[in-house]
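Please look over the model below before reading on.

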Amino acid sequence: MSGNQALSPAEIYERDTVPAMFAGWVDPLLDLVDPRAGERLLDVACGTGVVARAAVARVGANGKVFGLDMNANMLSVARAVAPAVEYHEGNGMAMPLPDDAFDVVVCQQGLQFFPDPGVGLREMRRVLRPGGRLGVALWGPMASSPVHLALVSSLERHVNAEAARIMSMPFRLDDREALRALAEGAGFQDVRVEEAQRPARFPSAEAFTRAVLGGGTLARAGIMVTGDALDAVIADVDREAAPFVGPEGLAAPMTSRLVFGRA
């Protein structure tokens, strides 16, 4: 299918946003926790499973990868793309999973959406065996992601404050010391918070805007930006993103915080 209108937000997310914005962070996150052959790994808030499916090769035939998400549509796409992963529908703050069940727990760009991130981290600690490893990736300050900042500012002007607030949520856990305190407060030891930069790559600034609005946080909240408002947002982002557009398209700067902890 070529048109976004024929696809669900989860399908747009998998087709457009995952390869451009999330796939490049999978190896840094998995390298952080170093899954080994035979281990059991859980990907919390797994979405369409980009981390989970990459982890399958790392744990090997004797290991097992699990994914957990509360969005049934995301899981439907995940199961179609990577049937080797065992997916569960559930809330990351009350996981339908036993204690001490996993060697590794990862969460890529999901913890910031939890109503209480501390509760989510305590649940991750609960399902980890003693000595198990945690790896969490979260976006850094929005100021270090200027194209997203332009999108949020434009949504506030042309849509409403609620749309801007929702699109700001991916960046709400941007304080590295606060992240360290959250992880330690949840019972993790040897906590460290690393930072890395990597661009999100889209064919154009317009492709970025359409993908993020059509398959991202806003669409999953049921808010669709269309008509004159969409045209105005595209124009704003095109203008602000111009310094980051080259012959190969848009390379939008992004910063991620990578949190490691040991149970």
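Predicted model: local features only at pLDDT ≥ 70, side-chain atom pairs only at ≥ 80, totals over all residues.

1. The largest cavity has a volume of about 40 Å³.

2. Which residues line the largest cavity? They are L111, L121, L134, V136, L138, L179, A183 and V259. By class, this lining holds 8 nonpolar residues, with no polar and no charged ones.

3. Two elements, β5 (128–139) and α8 (176–185), each supply at least two residues of the lining of the largest cavity. Of the elements, β5 gives the most, with 3 residues.

4. Turn now to the open space. The largest pocket has a volume of about 860 Å³. It is lined by 40 residues, and those closest to its centre are Q109, G110, F113, T217 and R220.

5. Where does the lining of the largest pocket come from? At least two residues each are supplied by α1 (9–22), α3 (50–59), β2 (64–69), α7 (161–168) and α10 (217–220). The element that gives the most is α1, with 4 residues.

6. What is the make-up of the lining of the largest pocket by class? It divides into 22 nonpolar, 14 polar and 4 charged residues. For the largest cavity, by contrast, the lining has no polar and no charged residues.

Key. Residues numbered from 1 in each chain as written. Heavy atoms only, no water. 1 Å grid on protein atoms, 1.4 Å probe; cavity = no way out; pocket = protein on both sides within 12 Å on 5 of 7 lines; lining within 4 Å. Points joined across faces, edges and corners; volume = space filled by probe spheres on them. Nonpolar A, V, L, I, M, F, W, Y, C, P; charged D, E, K, R; others polar.
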